[in-house]
Amino acid sequence: MAQKPSIPKGTRDFSPVEMVKRNYIFDTIKEVFRIYGYQSIETPAMENLSTLMGKYGEEGDKLLFKILNSGDFISKVRDEQLKERNSVKLTTKISEKGLRYDLTVPFARYVVQHRNDITFPFKRYQIQPVWRADRPQKGRYREFYQCDVDVIGSNSLLNEVELIQVVDEVYRRLNINVVVKMNNRKILAGIAETIGEADRMIDITVAIDKLDKIGLDKVNEELLAKGIAEDAVEKLQPILHLEGTNEEKLNKIQEVISSSEVGQKGIEEMRTVFTYLSSLNVQTEVELDLTLARGLNYYTGAIFEVKAKDVEIGSITGGGRYDDLTGIFGLKDVSGVGISFGADRIYDVMLQLDLFPKESITSTKALFINFGEKEMNYCLPILAELRKNGIYSEIFPDSVKMKKQMNYANKKNIPFVILAGDNEIQENKVTLKDMNSGEQQLVDVVELIKILSK
RNA sequence: GUGGAUGUAGCUCAGUUGGUUAGAGCGCUGGAUUGUGGUUCCAGAGGUCGCCGGUUCAAAACCGGUCUUCCACCCCA
């Protein structure tokens, strides 16, 4: 036997059964996006590396899949550069394209490039795969789908609120219990400012992001290890201990960072969002979590993360506001906010909780048994008639043993089988067999369509 | 990227201190049943023991390398 074929690490094939379930998720998400007035776009799988590099932090650059240049690319590289054996430097010589890492940065590029054709505020959704050269684990793949919704060209906090409504609606429809965690980069900046480490915000937030995972002591350890001053870490402690309702947390943090202007702005923003939310009928719990940081460094305002309550799997949706993502591509003062649903993780959650509707498994509703040339000629117009009426139906293409044809129907979970031999043809009817009950009845085409349309 | 575990039939897994012809269940194919599937019974096919190399009279088993999957870290959807 030849060597078994395989697929790259962290990628997956999807069987028909799996695709039914995946499409259920995609369709649900899409439907909600459209109801809220978002329009669909797509961008290429690959972007110029110059578009991608430097947008996701140092770690992100490493996780980009790079595509080799076409042609005899290595002959153009000078010997000294080859001898240097510096992968990062050499990469810029032999690769100028990469697979997209997320949908937000390509979207920013899209907006800048098509700014004259876009009416702002621009509400778009985009459902496409992204690639990361990460080491795979459970719920972590090298190729996975993101479902992004963004509003760009509007500063209104109503957009943040609307995105929470979208989250609420999507997970209500999918029947997943979630909690939305929210924070604001301006508050985090205010905290950094207040403790006298304004320029170390990223290091501070990355550390405190791990609070509920590694505990307070380890967080403090990490902060000190990263060179944050001891008295600054000391000042941080009351913030790490915050408890109570969102309102109580906001009040306390407001006192602590009262001297910071950005911080006050962030608190004000959060208050506005919570006020909107309380007047709307949002069922999902929205929790202010001051330890939520999120790695992507283009976020400037609100940040979100959605966690499934009943499954340990990390976040299944995340996002935030970015005031100047288009700035790096030359379009200033365009603020956007967006979130991304992780379809693959949602799939894993739903599978674990057995939340997929049973009916959606069926595809074909009725199968015609093939008895031979004459019978086939009788069946084909009826088959066409069923299809015209929107009934998913098919005929077994070969006139083989009936056992095999019945078995096919059984395996494919087809609920009805249609038989037409000499007797049926003579009466101008067909025999309809219900595969679940085993019952059969002799019906004409009109009755057939009526029964199958149910 | 760092550290750990794993790999035997299509699938889930047995396989003793290294010893003759590597097994089971499920699935698959054929038959019992030529117009009746899902149940039952009978028969059959299917393996480079992940791959490459080493130790040995002898390797699925021991050693080295490599790849896959999984777990932790880093980071993240």
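A search of the whole structure, which is a predicted model, finds 12 aromatic pairs.

- F33 and F341 form a tilted aromatic pair, with 5.7 Å from centre to centre and 55° between the planes.
- F33 belongs to helix α1 (residues 16-35) and F341 to strand β11 (residues 336-342), so this pair ties together parts that lie 308 residues apart in sequence.
- F33 has 0% relative accessibility and therefore counts as buried.
- F341 also counts as buried, because its relative accessibility is 0%.

**The pair F396 and Y408**
- The ring centres of F396 and Y408 are 5.1 Å apart and the planes meet at 85°, so the pair is edge-to-face; the cut-off for that class is an angle over 60 degrees.
- F396 sits in the loop between β13 (393-395) and α17 (402-411), while Y408 is in helix α17, 12 residues apart from F396.
- F396 counts as buried because its relative accessibility is 8%, and the limit for buried is under 20%.
- Y408 has a relative accessible area of 28%, so Y408 is partly exposed.

**A cluster of rings**
- F33, Y125, Y171 and F341 are linked into a cluster by ring pairs.
- The tilted pair of F33 and F341 thus has both of its residues in this cluster.

**Charges over rings**
- R22 lies over the face of F14, 3.7 Å from the ring centre.
- R124 has its charged end over the ring of F107, at 3.9 Å from the centre of that ring.

Technical notes. Residues are numbered from 1 along each chain as its sequence is written. Chains are lettered from A and ligands numbered from 1 in the order in which they are written. This is a predicted model: local features need pLDDT of at least 70, side-chain atom pairs count only at pLDDT 80 or more; totals for chains, interfaces and linings use all residues. Side-chain values use heavy atoms; hydrogens and water are left out. Rings of Phe, Tyr and Trp (its six-membered ring) pair if their centres lie within 6.5 Å; planes under 30 degrees apart count as stacked, over 60 as edge-to-face and the rest as tilted. Helices (H or I, at least four residues) and strands (E, at least two) are DSSP runs, numbered from the N terminus. Buried means under 20% relative accessible area, exposed over 50%, partly exposed in between (1.4 Å probe, protein chains only). A charge sits over a ring if NZ of Lys or CZ of Arg is within 6 Å of the ring centre and within 35 degrees of the ring normal.
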